[in-house]
Amino acid sequence: MSTDRELFDCIVIGAGVQGSFTAYSLAKRGKRTLLLEQFVLPHSRGSSHGQTRIIRKAYVQEFYVHMMEECYKLWAEVEREAGVQLYRQTGLLVMGPENSESYTSVKNTLLKCSAPTVSLTRENFSSHIPNMVLSPGNGAIVDLTGGVLFADRALKTAQDQFKKYGGVLRDQEKVVDIKPGAVVTVTTLAKTYRARSVVITAGPWANKLLAPTGLQLPLEVLRINVCYWKEKTPGSYHVNNRFPCFILTEREQTDQQIYGLPSNEYPGLVKICLHTGSPTDPDHRDRQRDRSDVDILSRYVSCCVPGLDPEPAIVESCMYTNTPDHHFVLDRHPQHSNIVIGAGFSGHGFKFGPIIGKLLCELSLGEVPSFDLSPFRIRRFEGLSRSAL
Ligand SMILES: Cc1cc2nc3c(=O)[nH]c(=O)nc-3n(C[C@H](O)[C@H](O)[C@H](O)COP(=O)(O)OP(=O)(O)OC[C@H]3O[C@@H](n4cnc5c(N)ncnc54)[C@H](O)[C@@H]3O)c2cc1C
Ligand SMILES: O=C(O)[C@@H]1CCCC=N1
């Protein structure tokens, strides 16, 4: 096994959205950065593939709204820098039982943070949102900043800009060992590399990568069925027909959320998914075929999105990596401060890519992060994370 002679400032492991934006931030700041990816790029085996993701300010927690305030600016900066469009504003319709905690807390946070919104009534709902039914007892508010991120394009843009700033991207190089130290040694199936710091952004593989460093986080990997539903009348759910992204904060007194995006990637097909799935091993994702969520979605489509065929036309796979509280992990390794971890994005991390990249870059350079990271610390899992050291 050969050893690369260069000493990198930082090695980022995993070229999903978080690793790609971390590497981009480091290279933009002039740091010698190596980005390692186990698969040939682009690939559809992790969490960042697919053409679209929702971007929004609509959150229960104010800290996410404040992060997004900066993140919208960072998305616009990348768009300008690369000369590509990554965001399309559609508005995000938030619906939920009018007096429920899940709905009122999102609504109150949006209003408290002065995010631009429009509150809808039962009377004016259908004139604003065509072809959708507001369930009895549900309220509706539109987060006007909500919209679609062109995900595959965003990922490629982050990687291309990283390379433009002088970064080194090696795909098809699976990392098999990390040796902590003042200089960290990273071994792939092809080579050994050395760096002053390492950032682990390995998505569903985070715990496999952390094992040699003696740390295990309480992460649960879920396989998600990504369902696309056919319009009965072509174009009726297209953004050009004012159809927004939407989130239903809870369904029939369960804590399950349903979300959707206007037809875009497949002509005439609308993406509507359940915000949960079934436990899986990322190396054996396709072994398991639980479709109970598809039945739940079929019933929802029949009653509330009546202009769609209630059988999915396409079902694809993706993975979530969930923490117990569904908040991210953005922290230094408890025993090795030059190993930084970005993990547990819990099915809602894409929209934060540029700001997470900036924050992980700051952590890896030993700086005080420009945002309060206390909600994202590893020590909140005390008793749940395992350290072998
Ligand atoms: C169906 C679905 C819908 C979603 N919708 C939204 C949404 O609307 N809005 C939103 O904001 N977020 C959404 N998300 C969440 C978002 O996509 C994820 O939070 C985000 O993509 C996580 O990125 P990541 O970089 O952490 O992980 P990944 O994209 O999985 O990247 C990790 C990378 O590390 C690589 N890797 C792992 N192990 C190794 C190794 N040993 N050596 C080298 N490389 C390695 C992997 O191959 C992979 O490329 C959704 C997710 C899914 C699955
Ligand atoms: O993060 C998002 O916006 C989406 C939609 C709601 C559930 C999870 N992902």
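Mentor: Let's start with a term: a polar contact is a pair of N or O atoms within 3.5 Å (inside the protein, one must be able to donate a hydrogen and the other to accept it, and residues adjacent in sequence count only if both atoms are side-chain atoms). This is a predicted model, where local features need pLDDT of at least 70, side-chain atom pairs count only at pLDDT 80 or more, and totals for chains, interfaces and linings use all residues. Residues are numbered from 1 along each chain as its sequence is written, chains are lettered from A and ligands numbered from 1 in the order written, and side-chain values use heavy atoms, without hydrogens and water.

Trainee: Okay, what makes the pair between S48 and ligand 1 a polar contact?

Mentor: A polar side-chain atom of S48 lies 2.4 Å from an oxygen atom of ligand 1. The limit is 3.5 Å, so the pair qualifies. Ligand 1 also has an oxygen atom 3.1 Å from a polar backbone atom of G349. Taken alone, ligand 1 exposes 1000 Å², and the protein buries 97% of that (areas by the Shrake-Rupley method with a 1.4 Å probe; for residues, only the protein chains shown count as cover).

Trainee: Which residues come nearest to ligand 1?

Mentor: There are 37 residues around ligand 1, and E37, S48, I54, C318 and K351 come nearest. To be listed, a residue needs a heavy atom within 4 Å of the molecule. Strand β19 gives the largest share of that shell, three residues.

Trainee: What makes up the shell around ligand 2, by class?

Mentor: Three nonpolar, three polar and two charged residues. Here Ala, Val, Leu, Ile, Met, Phe, Trp, Tyr, Cys and Pro count as nonpolar, Asp, Glu, Lys and Arg as charged, and the others, Gly among them, as polar.

Trainee: Why is V94 called buried?

Mentor: Buried means under 20% relative accessible area, exposed over 50%, partly exposed in between (1.4 Å probe, protein chains only). V94 has 2%, so it is buried. V94 sits in strand β5, and its contacts (heavy atoms within 4.5 Å) beyond four places in sequence include Y103, V106 and I247.

Trainee: Why does H327 get that word too?

Mentor: Its relative accessible area is 14%, so H327 is also under the 20% limit. H327 lies in the loop between β19 and β20, and touches Q61, F63 and R380, among others.

Trainee: Last one: what makes α3 a helix, and how does its span compare with the expected one?

Mentor: Helices are DSSP runs of H or I with at least four residues (strands are E, at least two), numbered from the N terminus. α3 has 12 residues, so it passes. Expected span is 1.5 Å times one less than the number of residues; α3 reaches 16 Å from first C-alpha to last, close to the 16 Å expected. Buried in α3 are S102, Y103, S105, V106, T109 and L110, and their cover includes α2, β5, β6 and β7.
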